[in-house]
Amino acid sequence: MKAVIHLTNRFVGSRPMITKIVENISWLLLDKVFRMGVGLIVGVWVARYLGPSQYGLLSFAVAFVSLFAPLAGLGMQSIVVRDIVRTPTHKHEILGTAALMQFLSSVLAYMLILASIAVMRPDDMLAKALVAIIGSMILFRAVEVSAWWFESQVLSKYTVWVRMGSLVLFSGLKVGLILLQAPLIAFAWTIMSEALAAA
């Protein structure tokens with residue numbers, strides 16, 4: 001990261017805000033690359049262990065929950081960040097209101113997830129259990145507003161540290177589950193626990 005800052009200073013001179021922005025973007029890029037790399041390695045290993053049928057069911061549960069994620073998010077991130085930057089004196093009111101709205105929309109989204117899976121697969125208890133467990137990740141969305149504050153201050157490195165640490169810890173746990181020959185439901189709990197730990 002120091003090399004990035006040094007290169008930025010060389011090309012743009014001593015403009016602290018531009019240096020800060022480039023450093024922030026570098027941290028976010030590192031997070032994406034790291035997640036893709038670790039996710040690919042561990043994901044392939046999990047897929048080989050679970051096999052097409054069980055891994056397909058797990059992927060279905062994740063994809064099904066993802067359909068409801070926009071409802072829980074309300075598309076507020078850019079608006080909240082913008083408002084904090086424009087009126088930093090009202091940051092507590094902005095963040096508090098956003099957290100409350102996120103929480104209420106998350107509860108609504110989770111109830112819709114449970115109702116939808118019950119209608120779509122009334123006799124598939126395993127699919128309903130997987131969706132219920134993984135879907136509970138949506139309830140942690142209200143905590144995301146704290147990351148938005150860091151984003152508004154161009155300090156994403158702290159949220160990146162937490163996400164990367166959580167990813168490493170729970171990727172190791174998934175590998176442990178594979179070695180212990182754990183059942184499918186254990187992987188669903190791990191996915192939910194990773195979201196809880198990051199929150």
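User: In which helix does Ile178 lie?

Analyst: The model is predicted, and its residues are numbered from 1 along the chain. One of the helices, α8, spans 156–179. Ile178 lies in helix α8.

User: Is Ile178 buried or exposed?

Analyst: A residue counts as buried when its relative accessible area is under 20%. The relative accessibility of Ile178 is 8%, so Ile178 counts as buried.

User: How far apart in space are Ile178 and Ile18?

Analyst: In sequence, Ile178 and Ile18 are 160 residues apart. From C-alpha to C-alpha, the distance in space between Ile178 and Ile18 is 45 Å.

User: How far apart in space are Val22 and Val154?

Analyst: Val22 is found in helix α2, and with a relative accessible area of 27% it is partly exposed. Val22 and Val154 are 132 residues apart in sequence. Their C-alpha atoms are separated in space by 9.5 Å.

User: How many helices and how many strands does the protein have?

Analyst: From the N terminus on, the elements run α-α-α-α-α-α-α-α-α. The C-alpha atoms fill a box of roughly 65 × 35 × 20 Å along the principal axes. The count for the protein is nine helices and zero strands.

User: What share of the residues is buried?

Analyst: Buried here means under 20% relative accessible area. The protein has 199 residues, and the buried share of them is 35%.

User: Where do Phe60 and Phe64 lie?

Analyst: Phe60 and Phe64 are four residues apart, about one turn of the helix. Phe60 is partly exposed at 23% relative accessible area, whereas Phe64 is buried at 5%. Both residues lie in helix α2.

User: Why is the pair of Phe64 and Phe68 classed as tilted?

Analyst: The ring centres of Phe64 and Phe68 are 5.5 Å apart. Phe68 is buried, with a relative accessible area of 16%, and Phe60, Phe64 and Phe68 form one aromatic cluster. The pair of Phe64 and Phe68 is tilted because its planes are at 55 degrees.

User: Which residue has its charged end over the ring of Phe60?

Analyst: For a charge to sit over a ring, the NZ of Lys or CZ of Arg must be within 6 Å of the ring centre. Here the charged end is 4.2 Å from the centre of the Phe60 ring, and it belongs to Arg121.

User: Which element supplies the largest share of the lining of the largest pocket?

Analyst: This pocket has a volume of about 1600 Å³. Its lining has 47 residues, with Arg35, Glu144, Arg163, Ala195 and Ala198 nearest the centre. At least two lining residues come from each of α2, α3, α7, α8 and α9. The largest share, 14 residues, comes from α2.

User: How many residues of that lining are nonpolar?

Analyst: By class, the lining of the largest pocket includes 13 polar and nine charged residues. The number of nonpolar residues in it is 25.

User: What is the phi of Gln181?

Analyst: Gln181 lies in the loop between α8 and α9. At 63% relative accessibility, Gln181 counts as exposed. Although Gln181 is not a glycine, its phi is positive, at about 55 degrees.

Terms used
This is a predicted model: local features need pLDDT of at least 70, side-chain atom pairs count only at pLDDT 80 or more; totals for chains, interfaces and linings use all residues. Side-chain values use heavy atoms; hydrogens and water are left out. On a 1 Å grid over the protein atoms alone, a cavity is a set of points where a 1.4 Å probe fits but cannot get out, and a pocket is an open set with protein on both sides within 12 Å along at least five of seven lines; lining residues have an atom within 4 Å of a point. Grid points are joined across faces, edges and corners, and a volume is the space filled by probe spheres set on the points. Ala, Val, Leu, Ile, Met, Phe, Trp, Tyr, Cys and Pro count as nonpolar, Asp, Glu, Lys and Arg as charged, and the others, Gly among them, as polar. Buried means under 20% relative accessible area, exposed over 50%, partly exposed in between (1.4 Å probe, protein chains only). Rings of Phe, Tyr and Trp (its six-membered ring) pair if their centres lie within 6.5 Å; planes under 30 degrees apart count as stacked, over 60 as edge-to-face and the rest as tilted. A charge sits over a ring if NZ of Lys or CZ of Arg is within 6 Å of the ring centre and within 35 degrees of the ring normal.
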